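Hello,

I am passing this structure on to you, with notes on what was found in it below. Please look it over before you read on.

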Amino acid sequence: MEVRIFLSQAARSAPSLLAPSFALVTATKRHQSTQQQPRLRFAPSPTGLLHLGGLRTALYNYLMCRKTGGTFVLRIEDTDRARLVPGAVENIQDSLEWMGLKPDEGPRYGGPFAPYTQSERLDLYKEKAEQLIEVDGSGTCS
């Protein structure tokens, strides 16, 4: 299996690569205030190879989940169909596994909140939007 990770010139020279991500900080504060097990997600867009910055975010979220007993979720943000790269979803999943960051839930792994690919959730979103319109008189955008 070949796993390739893209590292841009900016990422190679950026000293901030070791700074914690916003999602990690937010999850830490939420966990401390509610004492609930966090659900942290990594939601890359499959528009190419996994970028080092994305891998860093996945690592922070994975480590926080392991520390707190939380759930590490992989959700694929594939709604930008024009930029979708064939094989990118598989590369992302293979790269995470190769790095030892196996998600607890995701497209390849299943879970109680499936589907984990955004384009497969469009009917669910439409149904919920229609319920909001029916229940509280919300309107549609024109």
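Pro 115 sits in the loop between helix H4 (88-98) and H5. The peptide bond that joins Ala 114 and Pro 115 is cis, with omega at about 5°. Please keep in mind that this is a predicted model.

Pro 115 also belongs to the lining of the largest pocket, together with Arg 39, Arg 41, Val 73, Arg 75, Phe 113, Tyr 116, Gln 118, Arg 121 and Tyr 125. The volume of this pocket is about 170 Å³. By residue class, its lining has five nonpolar, four charged and one polar.

Tyr 125, one of the lining residues, is part of a nonpolar surface patch as well. Leu 122 and Leu 124 make up the patch with Tyr 125, and its area is about 250 Å². Leu 124 is in helix H5, which covers residues 122-136. Is Leu 124 buried, partly exposed or exposed? Its relative accessibility is 32%, so Leu 124 counts as partly exposed; the partly exposed class lies between under 20% for buried and over 50% for exposed.

As for the chain as a whole, the protein has five helices and four strands. Along the sequence these follow the pattern β-α-α-β-β-α-β-α-α. The protein chain has 142 residues, and 30% of them are buried.

Regards

How values were computed
Residues are numbered from 1 along each chain as its sequence is written. This is a predicted model: local features need pLDDT of at least 70, side-chain atom pairs count only at pLDDT 80 or more; totals for chains, interfaces and linings use all residues. Side-chain values use heavy atoms; hydrogens and water are left out. On a 1 Å grid over the protein atoms alone, a cavity is a set of points where a 1.4 Å probe fits but cannot get out, and a pocket is an open set with protein on both sides within 12 Å along at least five of seven lines; lining residues have an atom within 4 Å of a point. Grid points are joined across faces, edges and corners, and a volume is the space filled by probe spheres set on the points. Ala, Val, Leu, Ile, Met, Phe, Trp, Tyr, Cys and Pro count as nonpolar, Asp, Glu, Lys and Arg as charged, and the others, Gly among them, as polar. Patches are made of residues with over 30% relative accessible area and no salt bridge: like charges are joined within 9 Å, nonpolar side chains (Val, Leu, Ile, Met, Phe, Trp, Tyr) within 5 Å. Accessible areas come from the Shrake-Rupley method with a 1.4 Å probe; for residues, only the protein chains shown count as cover. A salt bridge is a side-chain nitrogen of Lys or Arg within 4 Å of a carboxyl oxygen of Asp or Glu. Helices (H or I, at least four residues) and strands (E, at least two) are DSSP runs, numbered from the N terminus. Buried means under 20% relative accessible area, exposed over 50%, partly exposed in between (1.4 Å probe, protein chains only).
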